[in-house]
Amino acid sequence: MAREAQRFFANRGAVVGTVLICILLAIVGARPLLSAKSPDALNIDHGLTLRGAPLPPSAESPLGTDDLGRDVWARIVAGAATSLEIACLATLLALVIGLTVGLVAGYAGGWVDHALMRLVDLVLAFPFLLLAILLASLLREADLASSIAPVVVTLGAVSWTTIARVIRGKAMAVSRSEMIVAARALGASPARIIARHVLPNLAGTAIVMAAIGFAQNLLSEAVLSYLGLGPATTTWGHMLFEGRAYYRTAPWLVIAPGVAILVAVIAFNLVGDGLRDAFDPKEST
Amino acid sequence: MMMVKRLGWTIVVVWFAITATFVMATAIPANPARALLGPHSTPEAIAKVEAHYCLDRGFLGRYACFVGNIAKGDLGESFRSKRPVSAIIVEHLWPTVQLALAAIVLQLLVGIPLGVLAAIRRKRWQDHTANLISLLGQSAPAFVIATLAMYVLAYRFGWFPIGGYGDTFGSRLHHLVLPAATLAAAGIAYYARIVRTEMIDVLGEDFIRTARAKGLSERDVVVKHALRNALGPLVTLVGLDLGVMLGGAVVIEFIFAWPGLGRELLQAVLEVDLPLILGVVLVAAIAIAIANLLVDLVYRWLDPRLRDQP
Amino acid sequence: MKAVVLIALAACNGMDRGPHERAAGHAKPVDGGTLRYATKDRVVSLDPAIAYDETSSYAVHALHDTLVDYAPAVRGDPHSGTDIVPHLAERYEVSPDGLTYHFWLRPGIAFSDGTPIVAADFVYALDRVRAKPDSPYAQFLVDVAAITTPVQNELVFQLARPNMAFLAILTMSFTTPLRPNTELATGPFVLERWDQGRRLIVKKNPRYWDAASIHLDRLELIENVPRDVQFLMFERGELDAAERLSAADYLWITERQDWAPYVQHRTAMNAFGSRMNVTQPPFDDRRVRQALNYAVDKDHEVKLLEGAAVISHGILPPGMFGRDDALTPYPHDPAKARALLAEAGHPNGLDLEYVVLADEEAMRLAESVKSDLAEVGVRIRITPMSFAAYATAIGSKSGPAFSKGVQLADFADPVDFFDLRFASSEIHDQSSNNDSFYANPELDRILAAARAEPDRNERAALYQSAERILYADAPWIWEYHQDVTEVTQPYVAGYAIHPIWLRDFSRSWLDR
């Protein structure tokens, strides 16, 4: 791991990305300290102009208010937590499914691999966003208890396939190594072999896929929210959705969440690239 | 023999697409009959519509009804507009195809040179700029780029129309620029990176050194030898890209009021217009399956080494 | 580099120039020109027996005329546009018992190809409606026992029960005369071209009986344009009108001196509130319903609608016959709300689900309601639903008990408000039009009497008492009536938003 870490921190982009992520996490962690205002507290009487327009940034509200008089900075901070949470859970879900499928396919080989990869192909027959749109609207009708569950499930269900493919390739390569072949011949149980020898070798790839997947899911949540299919809670994507008509009268409503999304996605992309380069220099630049 | 297997697989994919979409869509609890007739409807009128669409049958009954209709070439009627789904799809297919083709052309025409430039000017400012553009292209949500483009270039500067389709050939091209460009943005970024990677790899190979040693001009080395080899993987990408493209088209078509299949689908999903949803997703899946098949064939034809592989 | 920046800046400032073209200043209407407008949705159908949605009705109403229609709307006059005047009929007589409606057709009326319109054409159209299983209009004819044509140009309707709203029903486009297998027009315009889903163009119908009032050559309806894009196109002069401005756009344009005079708003025939299923606890207790009425601050909602709304006390909008204008809306009184809740046995408040259409504006207003209710201890969870799911769920007795209530009138008569939503005869277990499941024998009695009452003042008095009953019983939280807003180019003259038809450009003209 030390070798990989060294390579990672030598990469300027990766370092920048890491710093940005740390800042993001700090913001999420220090939430109560950063803003006294509640992100959900409407303030129609005083948070809007007499005619009902959002207030521009001021000493009171550093990023202004939105069309319901809510404090934008408080919402950005709250949105950070939710957007990151959604991306995290979705990526976790995708990772769990993708790892399992890829691992089993790569290790078992033969008809199991064939069948599982065909399954992956079938899911891939649907364009990513189309499937996401379908699932999101469906799950919304299903009226689940948590409001972020539909988005999480949608994104997870749609993004596991790339992970599965890549993991399968790696698992296959690892399974062909002499150590594994020998262990199998000696009759060691598959569970033991996988746990002891295969999984650790996949760790690197899994981490890389997780980082890249995270950025992708963050972006996808923003798109779904923009189309009105996202969760009703405060996420950056939802803020963009709510504020998009105000680009002329209240541009801060669009700039704030837009920049936040951009920065977060860039950060995770940089880190993801850095990790990929660190773990597998041959594939890199 | 292998062709048959490949064809058979495509059929499996299509069948799966139909069944999966149907299963997903029927899980929605809404009764579209009431939605279609409006709040003044009588129970009798609703019952008649339900019978017409087999809504009163159970799951298998509706599925059988649906498959039977497809066999007749009938994809049903849109709940909202009462028009045949197949007619709606045919009507809106061409705009989406135009958009997708234009975007692919742009991706190739802009992405490849960008990648080549980054590769040959590695580590210099062209490379860094190209990388930055790539990063932004892939990190900014498509709708942000689209909205920005529309607002700045169409509304403020007035260089392009604010959404719409265009009637004559010339005006169509004019209307096509912004939507195609924004749709291509992420792809350009992606292609550029791939080409850059491939080019760097290839430029490091022995035969390139040999070519240089032989005294060939740098341009010949790059274009005639390196590029040709680097383009191999791109062919696969173009085929797979269609799926992502159709997905991206939904957002772009929505923002630019481009009358394509993507926007129809979005409206259908928001209105829970079952027959239209099923029809569009089905057509999309079939189109992608066929596109993949064609791409596969082209790839094999280009690279004889793969002809014998399954 | 500097040059680039300068050019960019110049270009940037170019766009907020205001209207491109001013009115020429003609004193009298000028003939000619094409008026272009866009709609958010597409035209679903041009068949008067089927088309039910708003967008289709614009097209259908331009192509088809009826026996009677509403008077034109007048800008600035909130009572204009609801009186009924003869159109294809020259005159009519209603029998004292309200069971016979006798119409004499206007001489010389013809279809767009010159064929005379006869009474049998009306009968054909109405029979056709009754015969179609998916026509949403069949139920408007249930009271009609017989239609006869004693002479070619006379039409007699025989009703089984008196219905004072029948005349208003006859303004609806499904009553337009038709010929079998042809799509001839009887209205101010005739269809020129329809690229379905994209554009619909109609041109002036020279055979229209009132062709003298029609000045435009063409009307162009561009379909499927989102409202924010409509607004941008309007500003660039690509459209002559833009409807239902979003909150942001409305705020922006009403601040501009050069645009403000061309912005209209008109209270339409609608009512918005929060509907409750009065058979389900806790809404079965009147005190709870009243408490909620005191709890919601309607001024907040009006502010969120940029002032383009009027607080309501009941279901009848301003300008509607039978409205009790003396009734004042429930004031915002959180203390009283809490007291009533405690009295009803809910000292610790309530936890409720509130269903809303998954529409941005509705969600926004729901947030305001949520915040106000939270102040008195009523915690609501907002559940958005798509239109299809909503339509099914709300009309069901076991469906959501608390949701956004909307009434959009099809015709300008109290029957389309009261009877439809609060008469016990409209209660069904599924798809109930009376989705409050409110059953009050006294109200039913009043409504039945009013429906049959030929004396206008008597009828008004009956409806006013109905208003008072519903005010006190509060099956809804009475919130507001929303204005319809629209902005037109300076050269669009003779246009006013119509309370029922909304965007009726047929009698406008272009002052160029």
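A salt bridge is a side-chain nitrogen of Lys or Arg within 4 Å of a carboxyl oxygen of Asp or Glu. The model shown in these views is predicted, so local features need pLDDT of at least 70 and side-chain atom pairs count only at pLDDT 80 or more, while totals for chains, interfaces and linings use all residues. Residues are numbered from 1 along each chain as its sequence is written, chains are lettered from A and ligands numbered from 1 in the order in which they are written, and side-chain values use heavy atoms, with hydrogens and water left out.

**View 1. The salt bridge between C:Asp413 and C:Arg459.** The side chains of these two residues meet with N and O 3.0 Å apart. C:Asp413 lies in the loop between β17 (402–408) and α12 (418–422) of chain C, whereas C:Arg459 belongs to helix α14 (residues 456–473), so that 46 residues of sequence separate the partners; helices (H or I, at least four residues) and strands (E, at least two) are DSSP runs, numbered from the N terminus. C:Asp413 is buried, because its relative accessibility is 6%, and C:Arg459 is buried as well, at 5%; buried means under 20% relative accessible area, exposed over 50%, and partly exposed in between, with a 1.4 Å probe and protein chains only.

**View 2. The salt bridge between C:Arg512 and C:Glu21.** The closest N and O atoms of this pair are 2.8 Å apart. C:Arg512 lies in the segment after β20 (509–510) of chain C and C:Glu21 in the loop between α1 (2–14) and β1 (34–38) of chain C, and the pair therefore ties together parts that are 491 residues apart in sequence. C:Arg512 counts as partly exposed, with 43% relative accessibility, and C:Glu21 counts as partly exposed with 30%.

**View 3. C:Glu54, C:Arg244 and a network of salt bridges.** C:Glu54 forms a salt bridge with C:Arg244, and the closest N and O atoms are 3.0 Å apart. This pair links distant parts of the chain, since C:Glu54 is in helix α2 (residues 54–63) of chain C and C:Arg244 is in the loop between β11 (241–243) and α6 (247–255) of chain C, 190 residues apart. C:Glu54 is partly exposed, with a relative accessible area of 32%, and C:Arg244 is partly exposed at 22% relative accessibility. Over all chains, a search of the whole structure finds 41 salt bridges.

**View 4. The interface of chain B and chain A.** Chain B gives 45 residues to the contact and chain A gives 36, where contact means heavy atoms within 4.5 Å. About 3,500 Å² is buried between the two chains, and carbon and sulfur atoms give 79% of this area; buried area is the accessible area (1.4 Å probe) that two parts lose on being put together, summed over both. The count of salt bridges between chain B and chain A is 0. On the side of chain B that touches chain A, the largest share, 9 residues, comes from α1(B).

**View 5. Chain A and its helices.** The secondary structure of chain A comes to 11 helices and 0 strands. Of its 285 residues, 55% count as buried. The C-alpha atoms of chain A fill a box of roughly 80 × 45 × 30 Å, taken along the principal axes.
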